[in-house]
Amino acid sequence: MLFENFLFDLDGTLIDSNQHVISCFKYAFQEVLGESVSTAEITATFGIPLEKALQMMRPAAAQDLLRTYRAESDRRGQGDIVTIPQARETLAALKARQAGIAVVTSKKRVNAYKSLDALGLSPYLDVFVGPEDTDVHKPDPKPVNIALGRLQAAPETALMIGDSAHDIEAARRAGIRTCGVAFAACGKETLAKARPDYMIEGLTDLLSLKS
C-alpha cells in the first residue's frame, strides 16, 4: 500500500540551503569572535533551531552571533538557495494522487516561505509546522504530531522524510515510518546510524515506496 501522507523536513530535504547556512555561520563567527568555525561543527547542528544551535556552540556570544547571522542572511537573499533535485516534480506527483503534504521544520515561517515561494514549492503544501507552532522541536515528536493532526492523518498512513537524525527520531517517537535521504549533508553513512526505515537516493523514489 502506498503512503498517503508525507511529512518533509525543509532544509537539506526539499531545498538546498547548505551553502547559504554555512556561509552565514562562518561570517558570523569571524565577525563576532574572529574565529574560523569548521563546516563539520556547523552541519552537526542541522535540524536544530538556529537560536538553540548558537547557544549550544558558543553560549556567551549566542545573541551577537544570531544578530550577525541574520543580517548576513538578509544581505545574501535567496540567490544561493535552490531546490533539491526532483523536489518540484515529486511534490507535483504526490499532489496529483491527492496525498497530504506537510513541511515540519525548525526554520521560522517567514524565512521558510521566502524560499518556498521563490522556488515555487509553497503551492504543493497542505500543512506547515515551524518553531512558532510548538514549544519543543525535533527530535521531540510534538511537531510531527501537530502535522499529523492538521493533515488528519493516521500514523500508519504517513512517512517522514529528512536529512538528519533529529527528523528520524522525532518521527519514530511519533509512531510513523521514517525515510532518510542519501544526499544529506552529514553523509549517507552517518544518517544510516539513525536507522531510518527507508533510505532513498533521490526524491522521486518516494513515489513507489510502500508502507
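**Figure 1. Contact of helices α3 and α4.** In this predicted model, L50, E51, L54 and Q55 of α3 are in contact with A62, L65, L66, Y69 and R70 of α4, contact meaning heavy atoms within 4.5 Å. The residues of this contact comprise six nonpolar, one polar and two charged; Ala, Val, Leu, Ile, Met, Phe, Trp, Tyr, Cys and Pro count as nonpolar, Asp, Glu, Lys and Arg as charged, and the others, Gly among them, as polar. Helices (H or I, at least four residues) and strands (E, at least two) are DSSP runs, numbered from the N terminus.

The model is predicted, so that local features need pLDDT of at least 70 and side-chain atom pairs count only at pLDDT 80 or more, whereas totals for chains, interfaces and linings use all residues. Residues are numbered from 1 along each chain as its sequence is written, and side-chain values use heavy atoms, with hydrogens and water left out.

**Figure 2. Geometry of the α3 and α4 packing.** Two packed helices are described by the angle between their axes and the distance between the axes. Helix α3 (residues 50-57) packs against α4 at an angle of about 135 degrees, and their axes are 9 Å apart. The axes are lines fitted to C-alpha atoms, for helices over the stretch in contact, and angles run from 0 to 180 degrees between N-to-C directions. The two helices, α3 and α4, are therefore oblique to each other; angles under 35 degrees count as roughly parallel, over 145 as roughly antiparallel, 65 to 115 as roughly perpendicular and the rest as oblique.

**Figure 3. Salt bridge of E72 and R75.** The side chains of E72 and R75 form a salt bridge at 2.8 Å, N to O; the term denotes a side-chain nitrogen of Lys or Arg within 4 Å of a carboxyl oxygen of Asp or Glu. Both E72 and R75 belong to helix α4 (residues 62-76), three residues apart, about one turn of the helix. E72 is buried, with a relative accessible area of 5%, while R75 is exposed at 61% (buried is under 20% relative accessible area, exposed over 50%, partly exposed in between; 1.4 Å probe, protein chains only). A network of salt bridges links E72, R75, R76 and D80.

**Figure 4. Salt bridge of K138 and D9.** In the salt bridge between K138 and D9, the closest N and O atoms are 3.0 Å apart. The pair links distant parts of the chain, 129 residues apart: K138 lies in the loop between β5 (127-129) and α7 (142-151), and D9 in the loop between β1 (5-8) and β2 (15-16). K138 is buried at 5% relative accessible area, and D9 is buried at 6%.
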